[in-house]
Amino acid sequence: MKTYDVAVVGAGPAGLVAATTTASLGLATIVFDESPSPGGQIYRAVTTTPVRRPELLGRDYWHGAGLVRPFRASGAEYLPATTVWAAARGAEGFDLGISGGRPGTRIGGTFAARALLVASGAIERPLPFPGWTLPGVMTAGAVQGLFKSSALVPTGRVVLAGSGPLLWQVAWQLVNAGAAIDRVLETIPRGRLAEAMRHAPGFMFSTYLARGLELVRTVRRRTNVVEHVAELEARGDGRVEAVRYVVDGEWTEIPADLLVVSHGVVPNIHLPAALGCDLEWSPDQSAFQPIADAWGGTSAEAVYVAGDVAGIAGARGAEARGRLAALGIANALGRIDAARRDALAAPAQKALAIALRGRRFLDVLYRPAPGFLHPHGATLACRCEEVTADTVREAVRDGAATLHALRAATRCGMGPCQGRSCLGTATEILADELGADPATLAPPSIRFPLRPVTLAEVAAWPSRADAQERVSRDD
Amino acid sequence: MFARLPESGAEAIVVAIDGVAFEARAGDTVAAALLASGRVASRTSPVSGAARGPFCLMGVCFDCLVTIDGVPNQRACMVAIASGMRITTQRGAPMPGEGAA
């Protein structure tokens, strides 16, 4: 087994900058990433996109190419299309179980690293509504990814719904690429803008402001934007055929072939959670996130987090935090002293402060409306096991007072996605039923393997003496 | 459902979707090829039998599971297409070797 100083999981902005930094400081660095090419979701396919007109993807997208070039020159090893599904503390740091490659020709194996940096980014906040499992309902990130990596643009009757910067960015990209968007259904509740305005002074200096206004203006000129949508429903036989929505108590139904939903993003916490990093509930972002210090260090020794997994701060914030975590690791491993670390960190600390400016305004404005956070009735809370919101609510009333008990009582979270799609919903429903603040709930317990794996993949995991002792009999 | 931008210059790669040849493009994932071929539904749920299709396209939701070259339950959104690849949409939860086109 080859031993590295640093293993980085994820090749988005945080992972790329971190790996570039540690490799440049002479630390043996390896990067694992599930995507076939570097960039993460935000800069997906930035080195391979078939989209020929650069302006269609926007200025911010191409910034990612400038992160890939130094990464490639840094000497960091890079394993794309690779999943890290387990990590355990071994003799030489962390032993990592990985899988990848084409089905049938899977590569598998283990790697060891002295420090582990998790830069697993964010996932889209999955908010349930009636019909959200119908084919033809897709997330904004999904539709954007198809455009970036395959130059595919939706045709037919396209409806967008939700709120947040990603919704507007995708709408902007689609209208510029020639897609006809029938309607944008914005789910910000009445009164929320006034609440958010209390944080407007910070936002005035945000780098998002000018860019955001330009996006919103362009989209409003080209499509019909409906505000204050309080309920949403997808209908159809085997696929989306219509979208229904409520404004001020009145239902409207429109035909649709594709419903694109977006309610912002939440940290992708499964790997740090399984590694034992302490989690906290972020009330601003309505999600659990790992507790981290200024260098990305977590409560788990030698486990670091950077980028949106450490709390949503956007792509530029991810770069800065990737740099800071790399410097923290280099110091912890004895490669640079604290004075050198601090000197090298100053520009990244400044960049992070700029990236975080005005974030509070966006967090408050785009916090999902209670009606979407707290589903009722036959709406599926858990897509995999098809557990309804009411089943989850009844289980809480029957005494399941923790996320762990809820999972055991309902199977909510026990399907192949391992709770990624329902963890937030289960947390919100549990808090709603208990009349509790989600921050007071015990965080979820998440265990390896992080993906469904085959027995052959498990068998490739190294058999260590301590593990053998645990399962061997004395007689 | 989805159309390719006309100026997209990616190389054509032929795969088989449920036994029918389809011309996908270099850079496509299996899920992208399915959607480009006009399929929004790519499996049925093993719980209720309801139709499902690609939802998140970033490996999170496991709703785009398909059989690829005889290996079932592969996330279509995480696998790059390759020439001659056999892609089969799934009904319920197949076992290895079942449903191979």
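These legends walk through several close-up views of a predicted model.

**View 1. The five-stranded parallel sheet of chain A.** Here is an open sheet whose five strands run in the order S8-S16-S10-S11-S12, with parallel pairing. Strand S8 (137–139) and strand S12 (224–226) sit at the edges with a single partner strand each, so one side of each has no neighbour in the sheet. On average, neighbouring strands of this sheet are turned by 20 degrees against each other, direction ignored. Look at strand S11 (residues 181–186) of chain A: S11 pairs with S12(A) in the parallel sense over three bridges. In that pairing, A:Arg183 stands opposite A:Asn224 of S12(A).

**View 2. Two helices on the five-stranded sheet.** Now bring in the helices that go with the sheet of View 1. Helix H5 (residues 165–176) of chain A lies across strand S10 (158–162), S11, S12 and S16 of chain A. How does H5 run relative to S11(A)? The angle is about 170 degrees.

**View 3. The three-stranded antiparallel sheet of chain A.** Chain A also has an open sheet of three strands, in the order S13-S14-S15, and the pairing this time is antiparallel. Which strands stand at the edges? They are strand S13 (229–235) and strand S15 (250–255) of chain A; each has a single partner strand, so one side of each is left without a neighbour in the sheet. Strand S14 (residues 242–247) of chain A joins S15(A) through six bridges in the antiparallel sense. Across that pairing, A:Arg244 stands opposite A:Glu253 in S15(A).

View 4. Strands of a sheet pair through backbone hydrogen bonds, either parallel or antiparallel. This view has one pairing of each kind. Strand S2 (residues 12–17) and strand S3 (residues 20–25) of chain B are paired in the antiparallel sense over six bridges, and B:Ile13 faces B:Ala24 of S3(B) as its opposite residue. The two strands S2(B) and S3(B) make a hairpin with two residues between them, and B:Asp18 in the turn has a positive phi of about 50 degrees. S2(B) also pairs with strand S8 (residues 86–91) of chain B, in the parallel sense and over two bridges. There, B:Ile17 stands opposite B:Ile87 in S8(B).

**View 5. Helices H14 and H15 crossing in chain A.** Two packed helices are described by the angle between their axes and the distance between the axes. For helix H14 (residues 389–397) and helix H15 (residues 403–410) of chain A, the axes come within 10 Å and cross at roughly 120 degrees. The crossing of H14(A) and H15(A) is right-handed. Which residues meet here? From H14(A) come A:Thr391, A:Val392, A:Ala395 and A:Val396, and from H15(A) come A:Leu406, A:Ala409 and A:Thr410. Sorted by class, the contact of H14(A) with H15(A) has five nonpolar residues, two polar ones and no charged ones.

**View 6. A:Thr298 in its loop.** A:Thr298 belongs to the loop between strand S19 (287–290) and strand S20 (303–305) of chain A. Is A:Thr298 buried or exposed? Its relative accessibility is 16%, so A:Thr298 counts as buried, the cut-off being under 20%. The side chain of A:Thr298 reaches the backbone nitrogen of A:Ala300 at 3.1 Å. A polar atom of that A:Thr298 side chain also lies 2.8 Å from the backbone oxygen of A:Val303. Leaving aside neighbours within four places in sequence, A:Thr298 is in contact with A:Cys277, A:Ile291, A:Val303, A:Tyr304 and A:Val305.

View 7. Most residues other than glycine have a negative phi, and most peptide bonds are trans. A:Glu386, though not a glycine, has a positive phi of about 55 degrees. A:Glu386 lies in the loop between strand S21 (380–382) and strand S22 (387–388) of chain A, and is buried, with a relative accessible area of 18%. In chain B, B:Leu57 has a positive phi near 55 degrees. B:Leu57 is in the loop between strand S5 (51–52) and strand S6 (65–68) of chain B, and at 7% relative accessibility B:Leu57 counts as buried. Finally, the peptide bond from A:Phe448 to A:Pro449 is cis, with omega near 0 degrees. A:Pro449 is in the loop between helix H16 (423–434) and helix H17 (455–459) of chain A.

Methods
Residues are numbered from 1 along each chain as its sequence is written. Chains are lettered from A and ligands numbered from 1 in the order in which they are written. This is a predicted model: local features need pLDDT of at least 70, side-chain atom pairs count only at pLDDT 80 or more; totals for chains, interfaces and linings use all residues. Side-chain values use heavy atoms; hydrogens and water are left out. Helices (H or I, at least four residues) and strands (E, at least two) are DSSP runs, numbered from the N terminus. Buried means under 20% relative accessible area, exposed over 50%, partly exposed in between (1.4 Å probe, protein chains only). A polar contact is a pair of N or O atoms within 3.5 Å; within protein, one must be able to donate a hydrogen and the other to accept it, and residues adjacent in sequence count only if both atoms are side-chain atoms. Contact means heavy atoms within 4.5 Å. Axes are lines fitted to C-alpha atoms, for helices over the stretch in contact, and angles run from 0 to 180 degrees between N-to-C directions. A crossing is left-handed if the near helix is turned anticlockwise from the far one by less than a right angle, and right-handed if clockwise. Ala, Val, Leu, Ile, Met, Phe, Trp, Tyr, Cys and Pro count as nonpolar, Asp, Glu, Lys and Arg as charged, and the others, Gly among them, as polar. Two strands pair if DSSP finds at least two bridges between them.
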